[in-house]
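Subject: Structure handover

Hello,

Here is the structure you asked for. Please open it next to this message, and my notes follow below.

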Amino acid sequence: MTLWDFHKVMRHSLKHTLVELRRMVPTELASRLTVDEMIGIRDQVAEELRGKVWNLSEIRRIAFERTLERIGCHDSSLALDLNEVYRKHRFEDIELYPDVAPALDILSPHFKIGLLSNGNSYPEQCGLEGRFAFVVFSQDVRIEKPDPRIFQITARRAGCPLEQLLHVGDSLENDVAGARHAGAPAVWLNREGRRNDSGVQANFEITSLTDLPPLLGVGRN
């Protein structure tokens, strides 16, 4: 995730959810359930429902139903409760990377900034309300990155041709390859300094969002 560590937040939220699950279902099977198993179940459900169910919260709820079934508990209402516990921590406990707000502060007076995401963390849910001129979420338009069509939609929302849409993201496949195939330039945000053996080449590579304003020729006086 470009703006925060999604996997860290997800695992943190699932740990809280697992505590609640074990409290509500105090069985041996529940005590042996792990966060990794819950992640695996969710990934399997998402793959089964790909192209059929787009709402990510609904996919997560179904995954909790499947998780409960695995430990012998068939309780749809409990799955709903677990989903609410997960969502509470998933959105309330987000910690933005420290470079996010400063970079947005510098860039906002000079550029129209939008948010394009395959996730479901809308700006008002994660402390970024009012920061973006427009948002494009895959679950709303029913198209996911790296599909070129979602970048076309984004360019229309931005009011510019694709060649003037600079997409910044941390996924070589979804962000860089997706944008470039659509005809938009791409910046790879490589926070961990990973080696790129994929054959996918970004127009620019940065290790922090603080590198973006100088790249675009803007900065504080």
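Which residues in α1 meet which residues in α3? On the α1 side they are Met10, Arg11, Leu14, Lys15, Thr17 and Leu18. On the α3 side they are Val35, Asp36, Met38 and Ile39. Please keep in mind that this is a predicted model.

**The α1 and α3 contact**

Helix α1 covers residues 6-24, and helix α3 covers residues 35-48. Their axes come within 10 Å and cross at roughly 110°. Angles of 65 to 115 degrees count as roughly perpendicular, so α1 and α3 are roughly perpendicular to each other. By class, the contact of α1 with α3 has six nonpolar, one polar and three charged residues.

Lys15 takes part in this contact. Is Lys15 buried or exposed? Lys15 counts as exposed, at 52% relative accessibility. The cut-off for exposed is over 50%. Ala103 is 88 residues away from Lys15 along the chain, and the C-alpha atoms of the two are separated by 32 Å.

**The whole chain**

The protein chain has 10 helices and five strands. Its C-alpha trace spans about 60 × 35 × 35 Å along the principal axes. Of the 221 residues, 45% are buried. Take the contacts between residues at least 6 apart in sequence: 50% of them join residues at least 24 apart.

**Rings and charges**

How many aromatic pairs does the structure hold? It holds two. One of the aromatic pairs is Phe64 with Tyr86. Their ring centres are 6.0 Å apart and their planes are at 65°. Planes over 60 degrees apart count as edge-to-face, so this pair is edge-to-face.

Phe64 is buried, with a relative accessible area of 2%. Tyr86 counts as buried too, at 5% relative accessibility.

Elsewhere, the charged end of Arg191 sits over the ring of Tyr97, 3.7 Å from its centre.

**Ser57**

Helix α4 also holds Ser57. What does Ser57 contact, leaving aside its neighbours within four places in sequence? The partners are Asn83, Arg87 and Asn120. Ser57 has a relative accessible area of 16%. Buried means under 20%, so Ser57 is buried.

Two backbone details deserve a look here. Most residues other than glycine have a negative phi, and most peptide bonds are trans.

Where is the cis peptide bond? It joins Lys145 and Pro146, with omega about 15°. Pro146 is in the loop between α7 (138-141) and α8 (148-158).

Arg142 is found in the loop between α7 and α8 as well. Its phi is positive, about 60°, although Arg142 is not a glycine. Arg142 counts as exposed, at 55% relative accessibility.

Best wishes

Technical notes
Residues are numbered from 1 along each chain as its sequence is written. This is a predicted model: local features need pLDDT of at least 70, side-chain atom pairs count only at pLDDT 80 or more; totals for chains, interfaces and linings use all residues. Side-chain values use heavy atoms; hydrogens and water are left out. Axes are lines fitted to C-alpha atoms, for helices over the stretch in contact, and angles run from 0 to 180 degrees between N-to-C directions. Helices (H or I, at least four residues) and strands (E, at least two) are DSSP runs, numbered from the N terminus. Angles under 35 degrees count as roughly parallel, over 145 as roughly antiparallel, 65 to 115 as roughly perpendicular and the rest as oblique. Contact means heavy atoms within 4.5 Å. Ala, Val, Leu, Ile, Met, Phe, Trp, Tyr, Cys and Pro count as nonpolar, Asp, Glu, Lys and Arg as charged, and the others, Gly among them, as polar. Rings of Phe, Tyr and Trp (its six-membered ring) pair if their centres lie within 6.5 Å; planes under 30 degrees apart count as stacked, over 60 as edge-to-face and the rest as tilted. Buried means under 20% relative accessible area, exposed over 50%, partly exposed in between (1.4 Å probe, protein chains only). A charge sits over a ring if NZ of Lys or CZ of Arg is within 6 Å of the ring centre and within 35 degrees of the ring normal.
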